[in-house]
Amino acid sequence: MNTLAAWLIAAQFARRRTTSLLSLLAIALGVALGYAIHLINDTALADFRQAMRSVQGEPDAIVAPRDTTGSVGLALVEELTRDPAVLVVAPVIEVRVRVDQHALPVRLIGLDVFSAPAVMPALLPEGREAQASRAILDGGVYASPALLAKLALAPGDHLSLWRGNSRWPAVLAGQLPGSRPGDLLLVADIAWVQAHFGPPAGVGEARIRLAPGVDATRWRQALAERLPSDLLIRSDDDDSARVSNLSRAYRVNLNVLALVALLTGAFLVFANQLTAVAQRASQFALLGVLGLSPRRLMLQILGEALAIGLPGALLGLALGHALATAFTQTLGGDLGGGYFSGSAPTIIARPLPALGFLALGCAASLAGAAYPAWLNRQQDLAQALKSGFAEETASSSARHLWLPTVLGVLAYGLAQLPPVGDLPLAGYASIALLLVMGITAAPWLTQRVFAAGAELPLAAHQRIALQNVAQAPLLAQVAASGLIVSFALTISMVTMVSSFRLAVDRWLDEVLPAPLYLRGKATPLPDELLAALRQPDSPFARFEQTMHAALALDVQRPNVALIVREIDRDQPEARLPFTGAVSQPPPTQPVVWISEATQELYRLHSGQRVRLPLLGREIEVFIGGVWRDYVRQFGAIVISRSDYERLGGRFAASDLALWPQAGHSATAAAWLAPLAARFGCEVADAGEIRQLSLSIFDQSFAVTHALEAAAMLIGLFGLAVTLAANVWLRARELATLGALGFDRHMLSQAVILEGVLIALVGLLIGLACGIAIGAVLTYVINPQAFHWRMTLSVPWPSALAGAALTLAAATVASRYAARQATRLPLAQILADAQ
Amino acid sequence: MLSVADLAKRHSGAARPVFSSLSFAVAAGEIVALVGESGIGKSTLLNCIAGLDTPETGAIRIGRAQTDIVRLDPAGRAALRARQIGFVFQAFHILPTLSVEQNIAVPLLLGGVAANERAQRIEALLARVGLSGFALRRPATLSGGELQRVAIARALVHKPGLILADEPTGNLDPRTAGEILSLLLAQVRAEQAAALIVTHSQPLAMRCDRILTLTAEGLR
């Protein structure tokens, strides 16, 4: 039996070499993309966690302020040190500083040389312990090898470290041999850092190692209950979850794109196997007559699919590994998503996920062959042996509208469901159902279109051809389904991307009101720079300052950005793109305006009063409105500088929006450039920022355009293959028509007309499904995965141009099928049919 | 070897049965011709005997064990066909993608015959049907007569007890038809198998041991 199966599989490959190879490659591509994305993310996450651990060690608990401008009081550190359950407490202060005239911000970590070895061994300086300790206590700083290389520094060099107005000399005492490649770090004594850069009465974090035998979970719970509200306690697991959450939605979205590639592979196997089954119906029937059981016949068809899927998946694994390596070298560990900047980890494959992707590739292939195998099983052996594939066995109920209607209603229902664990799983299921809905609606529409076409004043041979397809639309459905799936996916992506781009374009108009912007790259701007801008000879009429901090509202989620702006609390709509009405705050209460992501992640709403961990205490604030933010998907909160300072906050701007005086637009940038360079700042005009933002946007969607093109090619290929197979299946009918007086030109015309009309059906359904899926992507997937909301905007000119182009390509594909029809040995076919 | 008892068949929705109360037997080594007008139900009867169609009532017992194929499920029928029945068709039905020897090997593979024995049997049969040296040829390179020789070899290679042939010479010219018929009858007799041959050809029927005529009233 196995020998027979092998012979038949080999024969099938030899006969359908091109289609089998393309199916194999499509499966390989799907597996490769999925596996590459998995490998990159898995490795990048592990690498990022490793990097985090190398800096913060592996403490059992970390006590930190919820507001990044806050601190952990020294009294609490003392109290923790005295706790018998605690083995060691390592206080840490971390700030961003600049070194000399270099623009690059560098992490300066202040640590206690006596407690750090137990918690953060990777941050220990080189050299003998006593000597290094003495050097660090004397104000020496240690740099990671990567920083030394980057800034061309060497131990013994004298440095100038500065942050805002603080500028201090330091001596580079040595290296940090335990730091990871690529880490740009400076390490100094915590007291030295505190004295120079603050905070004055506390530390940034307290990293805690518990005594052996202490139940860490219980200890953390007990401490959390008595911690002041402005502090939080988190564990290593919380940090891992936070890192994972950073890129989770982006990762899932990329994986779904990979699944689309796999789906197109499965579709190719489907088209390949269905046409193979239809072409070989009498051969399969013969095997059944000779004694091959129905089950073995079905297994034979599935086995042929597996013979495509297994090598395809194996090739996909190899290709995926190569792609992952290439991508991490060129785009970094986050594939350009911006989540783990600078990370270019080494790809390490693990057997279990590899087996999973291998199984996925095989499953896609088997899924593609399942329906053809089932259809073959329904064939009557004696009938199939005599006349080949008989479509009549396909259920006529498939031509009714009830199935697509039910699927459409289900898809709509799923699109209304909330996310599961912050992921739009129901939305993805809704998209899958919409695709199936389109395919199941094809026979009904095919019947209508072809029946209506047959009523047109056409030549007799064309009318007969149309009537035939109207009566037996199964293969037309198969031919159209490739176009339905590929065109729907293309239209949906084009619609979503177009809607998104239009929304981002309009949003940039609102968030970039000033002609010029200056960024301090996460370090406060020095007073000297601000004073220069206020000088009478400054070409600027005015400028608005912004300060950036962050709040930890949930230990397992990335921090929410806190943006302190010079903004009129009574007229915030002049600066923020609100999504709805702005609520007037009570005169005495601080007001904040939250982004859509904050609203959705933390279930807040406009007009609500909430308590936020601000400036070392919990403060009740009024939510004045919800604004649109396409940058910070984990949330942002804006507060006015006046409210912030009234609450006791120390405003230290890091960004500026600048308005040049009338007539000085051209000279203002030139005047500002050297000043900005002196303080390591970046300057860009609104046009440059807009162009850069849109070009980043376009780059991030470039991969989807490549997939769209691949999907369309596969759809057209499926159409060509199925139409050609259709010619073979209808060979007797065509031969009979030939005997009745149809010449080859007439046969060719009839086949082309059928092909074009089938493509038209596919494009019509694909367009409708594509817009529906585009709506799901725009209104469900984007808001639920990334908290980006926008209005649907169908790019009709592009969509119609795409449809026209596809129809032209479909005509070419139909010509290929028509050529097959004209090459049929009509006399031989008629003779065989006797 | 073949025993048909009280067989009746009616197509779904049809007012009249195709046939009813058919009973006959074919002994081992006996060759029976089944003749009748077109559309009278000869092929339907053959399909019922092969387990490809299901009769309304009656029994069809095949082989020394007299297994009733009507009572078997599709897998059981397939297994019985693989062991006990050889087929020869009017349209040859040779798998075009397999070589001559691979085509003949199909029943042996279904029966799980070992590779050595398979090769010996195929070689011997190819010689008996006059196709020595054709083992590796592709069906597309063979004439109609040669294709039917391959079909006869395939029908006999697993030593079935029953040969079912449906118009085995219908697609051949008179000279080739005569040669093929001689070959088929000789080989069937050599194997001591029972054979039921559906035909419209009077000369063919005359060369069989017995003729059954299917009419609207039943078998004569």
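Begin by selecting Leu21(A), Leu22(A), Leu25(A) and Leu315(A), which together make a nonpolar surface patch of about 320 Å². Bear in mind throughout that the model is predicted.

Then select helix α11 of chain A, residues 294-330, where Leu315(A) is found. Is Leu315(A) buried, partly exposed or exposed? Its relative accessible area is 36%, so Leu315(A) counts as partly exposed, given that buried means under 20% and exposed over 50%.

Now move to the place where the two chains meet, and show the residues in contact: 22 residues from chain A and 24 residues from chain B. The size of an interface is often given as the accessible area lost when the parts come together. For chain B and chain A the buried area is about 2200 Å², and carbon and sulfur atoms give 72% of it.

With the side chains displayed, how many residue pairs are in polar contact between chain B and chain A? The count is three, with both residues of each pair at pLDDT 80 or more, while the number of salt bridges found across this interface is zero.

Finally, select α2 (74-84), β6 (85-89) and α3 (100-110) of chain B, each of which supplies at least two residues to the side of chain B that touches chain A. Within that side, α2(B) is the element to highlight last, because its six residues are the largest share.

Definitions and conventions:
Residues are numbered from 1 along each chain as its sequence is written. Chains are lettered from A and ligands numbered from 1 in the order in which they are written. This is a predicted model: local features need pLDDT of at least 70, side-chain atom pairs count only at pLDDT 80 or more; totals for chains, interfaces and linings use all residues. Side-chain values use heavy atoms; hydrogens and water are left out. Patches are made of residues with over 30% relative accessible area and no salt bridge: like charges are joined within 9 Å, nonpolar side chains (Val, Leu, Ile, Met, Phe, Trp, Tyr) within 5 Å. Accessible areas come from the Shrake-Rupley method with a 1.4 Å probe; for residues, only the protein chains shown count as cover. A salt bridge is a side-chain nitrogen of Lys or Arg within 4 Å of a carboxyl oxygen of Asp or Glu. Helices (H or I, at least four residues) and strands (E, at least two) are DSSP runs, numbered from the N terminus. Buried means under 20% relative accessible area, exposed over 50%, partly exposed in between (1.4 Å probe, protein chains only). Contact means heavy atoms within 4.5 Å. Buried area is the accessible area (1.4 Å probe) that two parts lose on being put together, summed over both. A polar contact is a pair of N or O atoms within 3.5 Å; within protein, one must be able to donate a hydrogen and the other to accept it, and residues adjacent in sequence count only if both atoms are side-chain atoms.
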